[in-house]
Amino acid sequence: MAHDLLRDPLIRTDRAWHSLPGLMAAMERGEVAGFPALRPHQRPAWHMFLVQLAVLALDASDERALPDTEDRWRAAFRALTPEFADDAPWHLVGRDRSCPAFLQPPDPGGLKWSFVATPDALDMLITSRNHDLKREIAFEAAPQDWLFALVSLQTMEGFGGAGNYGIARMNGGSSSRAMLTLAPARAGSAEIDPSAWWARDVRRLRAGREGLVGKALLWLDPWPDGRSLDLHALDPLFIEVCRRIRLTLHDGRMAAERSTSKGPRVAAKEARGNTGDPWAPIHLTESKSLTLGERDWTHELLVELIYGGEWQVPVLARPDPQEEAAPMLLVAEAVSRGNSKTDGFRSRIVPVPKAMVGHMLGARPRDLAEGILEDIAAVDQALRNGLALAAAEGDRDKVGKAHYARTRPAREALRREADRTFFAELWTRMAETTDAGIGGARLRYLESLARQARVEFAAALPAIPCASLMRPRAEVRARRALETGLFRAMRKFHAAEEMNA
């Protein structure tokens with residue numbers, strides 16, 4: 001066996017190298033600010049893995065508080081694997097393939113294995129254009145690179161073709177495991193504090209548990225081909241393995257071998273991703289986890305998830321009363337995934353001011369968010385109508401789908417600006433305590449959007465095809481249509497203010 005995670009300092013942080021128990025102790029002491037070798041798309045998988053493992057180990061060892069020493073964490077991990085006196089499940093490279101190694105189920109024999117040269121070739125990321133990460137370039141990889149790739153693959157991967165099944169914690173093989181959560185911010189910045197984030201999630205999850213209630217580490221048990229584990233026999237925080245992988249040593253250099261299976265490791269198709277994952281948004285009526293698909297974490301999607309009423313906000317995305325004394329970050333991350341390919345890693349981090357943390361959920365922010373969406377829609381409509389009229393050479397009777405299509409680049413630019421400022425505007429309106437204060441904030445925001453709409457209109461207008469003879473008329477009427485639409489947006493605002501008064 002080689003590369004013992006319980007004793008060997010294989011994991012590099014910004015300050016030191018640690019074993020896995022040593023890393024947990026350092027994080028409890030607040031000494032870890034980053035993982036230099038961790039790739040961006042691996043961050044959610046690594047964080048969720050560390051949290052799940054910590055909670056499961058503390059339950060198994062009956063530790064009441066988070067230990068701050070390496071020895072106590074080592075004992076807690078061993079409490080999860082008492083039948084393995086040699087710590088085989090914690091080694092990256094095993095001695096006997098019929099026994100488990102870390103995140104590697106036992107080899108049942110009789111399988112065909114293929115060679116994998118590098119950890120980036122093993123990792124979950126599949127790209128049709130090879131644009132996010134280049135494959136098979138990490139020939140000088142360290143053990144931690146294989147560790148991060150294993151965690152990413154085994155806990156986040158989807159369906160990859162015949163014999164390559166995905167994880168249970170997603171709604172179908174072409175979906176992805178989404179994370180929506182709150183995280184503590186580093187003092188004076190909008191960056192995540194990984195130590196505080198990990199400790200916060202571990203404590204929150206432990207508070208709602210009463211010990212282990214099923215299988216926890218799914219690489220420990222044999223995986224006979226064609227047989228799957230029953231989802232109901234697993235602990236809600238189970239750490240899964242979706243692929244048959246074995247790490248090896250060839251001439252002193254690490255490599256991997258992979259094989260296929262006749263069925264998924266966990267029989268969870270009917271669950272549709274609703275497995276008790278504390279980071280996953282769950283649809284209330286359809287009882288399924290979120291599929292990001294080819295979308296991004298836009299303000300529209302986040303408003304739908306947090307305020308729309310159709311999704312259950314994940315437990316770790318809800319603020320605790322004790323967290324109202326410090327700013328937090330709303331973290332939304334997932335791999336945008338299609339049919340056996342990905343469309344890139346999607347991440348959005350929204351700063352939540354200290355004063356807003358305890359009030360970010362509920363009816364009031366929902367109503368204010370709806371008001372902002374209405375303002376954006378009104379300005380977007382004005383921009384669309386102005387540019388579409390220009391494309392129709394100023395003839396309102398001729399405006400059709402083809403002319404509206406010409407407006408998309410400018411409208412998308414406006415939408416990006418609205419997306420960038422949406423949550424800052426929401427917090428601004430939430431900070432106001434009177435209708436007059438909210439009205440003033442709303443007017444300032446409308447004026448800001450109107451200025452941006454005029455900028456995008458001016459940039460787009462010269463590129464819109466129009467007969468030279470008709471262009472003067474088209475541009476005059478287009479500008480008038482834009483300004484009329486913006487005036488109506490403002491008038492609608494003033495009418496709403498008068499009703500409130």
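These are my notebook entries on a predicted protein model.

**Ground rules**

I number residues from 1 along each chain as its sequence is written, and I use heavy atoms for side-chain values, leaving out hydrogens and water. Because the model is predicted, local features need pLDDT of at least 70 and side-chain atom pairs count only at pLDDT 80 or more, while totals for chains, interfaces and linings use all residues.

**Entry 1: the whole protein**

The C-alpha atoms fill a box of roughly 80 × 50 × 45 Å along the principal axes. I found 13 helices and 16 strands. Both are DSSP runs numbered from the N terminus: helices are H or I with at least four residues, strands are E with at least two.

How many of the residues are buried? Of the 501 residues, 53% are buried. Buried means under 20% relative accessible area, exposed means over 50%, and partly exposed lies in between (1.4 Å probe, protein chains only).

Then I looked at contacts, meaning heavy atoms within 4.5 Å. Among contacts with a separation of 6 or more, 70% join residues 24 or more positions apart.

**Entry 2: nonpolar cores**

I looked up the cores next. A nonpolar core is a set of buried Ala, Val, Leu, Ile, Met, Phe, Trp, Tyr and Cys residues joined through side-chain atoms within 4.5 Å. In soluble globular proteins, nonpolar side chains tend to be buried together.

The largest core here has 83 residues. Trp46, Leu50, Leu53, Trp73, Trp198, Leu217 and Leu247 touch the most other members. Helix 2 (residues 43-61) gives the largest share of this core, twelve residues.

I picked out leucine 50. Not counting residues up to four places away in sequence, leucine 50 touches Leu20, Leu23, Met24, Met27, Phe35 and Trp198. Another core, of 56 residues, lies apart from the largest one. Its members include Ala418, Phe423, Met430 and Phe457.

**Entry 3: aromatic rings**

A pair of aromatic rings is described by the distance of the centres and the angle of the planes. Rings of Phe, Tyr and Trp (its six-membered ring) pair if their centres lie within 6.5 Å; planes under 30 degrees apart are stacked, over 60 edge-to-face, and the rest tilted. By this rule I get 13 aromatic pairs.

Why is the pair of phenylalanine 422 and phenylalanine 423 edge-to-face? Their ring centres are 5.1 Å apart and their planes stand at 80°, so the pair is edge-to-face. Both of these residues are buried.

Phenylalanine 423 also pairs with tryptophan 427. Here the centres are 6.0 Å apart and the planes are at 40°, so this pair is tilted. The two residues are four apart in helix 11 (residues 408-431), so about one helical turn separates them. Phenylalanine 423 has 3% relative accessibility, so it counts as buried. Tryptophan 427 has 8%, so it counts as buried.

I also noted one aromatic cluster formed by Phe35, Trp46, Phe49, Trp73, Phe77, Trp90, Phe102, Phe148, Trp198 and Trp219.

A charge sits over a ring if NZ of Lys or CZ of Arg is within 6 Å of the ring centre and within 35 degrees of the ring normal. The charged end of arginine 97 sits over the ring of tryptophan 113, 4.7 Å from its centre. The charged end of arginine 244 sits over the ring of tryptophan 223, 4.3 Å from its centre.

**Entry 4: strands**

Is strand 9 (residues 234-239) largely enclosed or open? Five of its six residues are buried, so strand 9 is largely enclosed by the rest of the structure. Strand 7 (residues 215-217) pairs with strand 9 in the parallel sense over two bridges. Two strands pair if DSSP finds at least two bridges between them. Leucine 217 has isoleucine 239 as its bridge partner in strand 9.

Serine 259 lies in strand 11 (residues 253-259). It has 6% relative accessibility, so it is buried. A polar atom of the serine 259 side chain lies 2.8 Å from the backbone oxygen of lysine 112.

Histidine 41 lies in the loop between helix 1 (20-28) and helix 2. At 5% relative accessibility, histidine 41 counts as buried. Its side chain makes a polar contact with the side chain of aspartate 123 (2.6 Å). A polar contact is a pair of N or O atoms within 3.5 Å; within protein, one must be able to donate a hydrogen and the other to accept it, and residues adjacent in sequence count only if both atoms are side-chain atoms.
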